[in-house]
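User: Please take a close look at one part of this structure and describe it in plain terms. What surrounds it, and what happens at its ends?

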Amino acid sequence: MNDEIRRNMALFPIGIVQKLTDLTPRQIRYYEQHKLIQPARTEGNQRLFSFNDVERLLEIKKLLDQGLNMAGIKKVLGDRTVPTELPKTTEAQEQAQKVKDLSEKELHDLLKKELILYGRPGMSGSLIQGELSRFFH
C-alpha cells in the first residue's frame, strides 16, 4: 500500500483527533462546515479522520494562532482539501478495522513510527512534527 493511500485512509474517530490536535469537537465540526476538511463517514454517520485531516487541522490551528481569520485561512490553504475515502477493498477494510480497534498505546506507537519515518534526513513529510511530537516523551 503506498504512502498516499495510507495517509488518506479514514482511521481516527473525532475523540482521538480531539486529543491529537487540542481542538474541541465543536471547532472540528466548524472547520468541516467551512469545507476546510472533509472527513469520511461510516454507515452510522460517524466521522473518521485520516492522517492528512489531522495534519490539516494542525495547520488551521497554527494559522489561527498567527492571527489569521477564517477568510485568510481559506485563502492560504486554498482548495487543497482531498476528500477522505473509506477503504473500498475487503483487505483495506480489514486493515482499517484493525487500526480502528487499536488501543491508545498501539495508536501512540503507530504515530511515533510515522514521526520517526518523516524525521529522517532526506525524507520529506508534511506532518507537522513540532505539533505531534509533543505526544511522545
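Analyst: Helices (H or I, at least four residues) and strands (E, at least two) are DSSP runs, numbered from the N terminus. The model is predicted, so local features need pLDDT of at least 70 and side-chain atom pairs pLDDT 80 or more, while totals for chains, interfaces and linings use all residues. Residues are numbered from 1 along each chain as its sequence is written, and side-chain values use heavy atoms, with hydrogens and water left out.

Eleven of the 15 residues are buried, so helix 4 is largely enclosed by the rest of the structure. Buried means under 20% relative accessible area, exposed over 50%, and partly exposed in between, with a 1.4 Å probe and protein chains only. Among the buried residues are Phe-51, Val-54, Leu-57 and Leu-58.

At the start of helix 4, a side-chain oxygen of Ser-50 comes to within 3.3 Å of the backbone nitrogen of Asn-52. Just after the helix, Gly-67 has a positive phi of about 100 degrees.

The structure has two aromatic pairs (Phe, Tyr or Trp rings, the six-membered one for Trp, with centres within 6.5 Å; planes under 30 degrees apart are stacked, over 60 edge-to-face, the rest tilted). Phe-12 and Phe-51 make an edge-to-face pair, at 5.2 Å centre to centre and 80 degrees between planes. Phe-12 lies in strand 1 and Phe-51 in helix 4, so this pair ties together parts 39 residues apart in sequence. Both Phe-12 and Phe-51 are buried.

Key: Polar contact = N/O pair within 3.5 Å; in protein donor to acceptor, adjacent residues only side chain to side chain.
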